[in-house]
Amino acid sequence: MPIQYYLFLSFALFCIGIMGALMRRNAIIIFMCIELMLNAVNLLLVAFSKMYNDASSQIFVFFIMVVAAAEVAVGLAVIVMMYRRVHSVDINILNRLKH
Amino acid sequence: MDLFEILFWILTIGAISSALGVILSRNPINSVICLIATFFAISGHYVLLNAQFLAVVNIIVYAGAIMVLFLFVIMLMNLNADVEPQKSRLVQFAGIISGGILFLVILAALRDSKINGVLEKSSNSVGLIENLGKTLFQNYVLPFEISSVLFLSAMIGAMVIGKKEPSNDLPERSPNQN
C-alpha cells in the first residue's frame, strides 16, 4: 500500500479539525477539534515510522499524547473557570480584551 | 484487494465520517461520542501499521481518559443542543471554504512531492513495547524526565485554575461582567 493513502487520510482529518475550529462557537468543541488535529499528526507519524522501520517517530507520538493530556487538563480547567464566570461556553463572549 | 486494504478502507471511512460527525452534530455529547469513534478507528489504523503499543495507549489515554474528562465537563455544564451557540451561516460557510482550500493546497503540494514509500505488509517488532522502551530510555531519557515535570506543572496548574475563588474577591469584579 503506498504511503500516499495515509497522507491523504491524515490531511483530511487535519482539515476537518480546522473546519470545526473555524465553524463552531462552543469552546469545548473547538478544543475537541484541536485533539482531532493532534491525532491526524499522530497517524502521519506512525505511517512514516512504518515506512522507515524506525521507532523514534512512535516515541514522538508518545510525547504528543503526553502533551495533549497535560493540555486537556489545563484547558478544561480554564473552560470550567470561564463557565463559572460568564455561564456560557460561547467564545464570542470572550472579547473583553478589546475593551 | 486483500484483507489489509479492505480493513484500511473500512477504518478510513469510519474515521472520516465520525470526524465529520464531530463538527456537524449540534449536541456536544454526540460530538464527544463521534470523537471517541474516530479515536477507535485511528487505533485500528495503528494496529494495521504495526504500532500495537500505541494503539493500546491511544485507546486507554485518549478514548478512556481524555474523552471521559470532556464528557464529565459537558455533563457538569449541562450543555445540550438547545443552548448550543451557532455561528451565522456566512461564517460557517467561510470556515468550510477555508478548510477545503487548505486541503486542496496540501494535495497540490503533495502531487509534486517525491515521497514514494510503500508500506509493506510484513509485520515487524518496531511497535512492540520492548523495542519502544529501549528507544525511549536510551535516546529520549531527558524528554521523558522533562515530561514528568510538565505533568506535575499541568496538574498543579489545573488545580489552581479550577479552584473556587474565595468570596472576598467577588466585589472586585467589574460591573460589566455578568
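Me: Buried means under 20% relative accessible area. Going by that, is A:D90 buried or exposed?

Reply: With the caution that this is a predicted model, A:D90 has a relative accessible area of 8%, which is under 20%, and therefore counts as buried.

Me: What does A:D90 form a salt bridge with?

Reply: The partner of A:D90 is A:R25, and the closest N and O atoms of the two are 2.2 Å apart. A:R25 is buried too, at a relative accessible area of 16%.

Me: How many salt bridges does the structure hold over all chains?

Reply: There are two over all chains.

Me: Switching to another lysine, where is A:K50, and is it buried or exposed?

Reply: A:K50 is placed in helix 2 of chain A, and with a relative accessibility of 5% it counts as buried.

Me: What does A:K50 touch, leaving out residues up to four places away in sequence?

Reply: With those left out, A:K50 touches residues of chain B, namely B:L49, B:N50, B:L119, B:E120, B:K121 and B:S122.

Me: Back to helix 2 of chain A, then: how does it cross helix 3?

Reply: The axes of helix 2 (residues 27-52) and helix 3 (residues 56-86) of chain A come within 10 Å and cross at roughly 175°. As angles over 145 degrees count as roughly antiparallel, these two helices of chain A are therefore roughly antiparallel to each other. The residues of their contact divide into 17 nonpolar, five polar and two charged.

Me: Which backbone angle stands out at A:N53, and where is that residue?

Reply: A:N53, which is not a glycine, has a positive phi near 50°, and its place is in the loop between helix 2 and helix 3 of chain A. At 40% relative accessibility A:N53 counts as partly exposed.

Me: What about phi at A:H87?

Reply: A:H87 likewise has a positive phi, of about 55°, although it is not a glycine. This residue lies in the segment after helix 3 of chain A and, at 58% relative accessibility, counts as exposed.

Me: Over to chain B: at what angle do helix 1 and helix 2 pack?

Reply: Helix 1 (residues 3-24) and helix 2 (residues 28-48) of chain B pack at about 155°, with their axes 8 Å apart. The two are therefore roughly antiparallel to each other, and their crossing is left-handed.

Me: Which residues make that contact, and how do they divide by type?

Reply: Among them are B:F4, B:L7, B:F8 and B:L11 of helix 1 of chain B, and B:C34, B:L35, B:H45 and B:L48 of helix 2 of chain B. By type, the contact residues divide into twelve nonpolar, eight polar and no charged.

Note on methods. Residues numbered from 1 in each chain as written. Chains lettered and ligands numbered in written order. Predicted model: local features only at pLDDT ≥ 70, side-chain atom pairs only at ≥ 80, totals over all residues. Heavy atoms only, no water. Axes fitted to C-alpha atoms, helices over the stretch in contact; angles between N-to-C directions. Helix = DSSP H or I, 4+ residues; strand = E, 2+ residues; numbered from the N terminus. Parallel < 35°, antiparallel > 145°, perpendicular 65-115°, else oblique. Nonpolar A, V, L, I, M, F, W, Y, C, P; charged D, E, K, R; others polar. Salt bridge = Lys/Arg side-chain N within 4 Å of Asp/Glu carboxyl O. Buried < 20%, exposed > 50% of the residue type's maximum accessible area, 1.4 Å probe, protein only. Contact = heavy atoms within 4.5 Å. Left-handed = near helix turned anticlockwise from the far one by under 90°.
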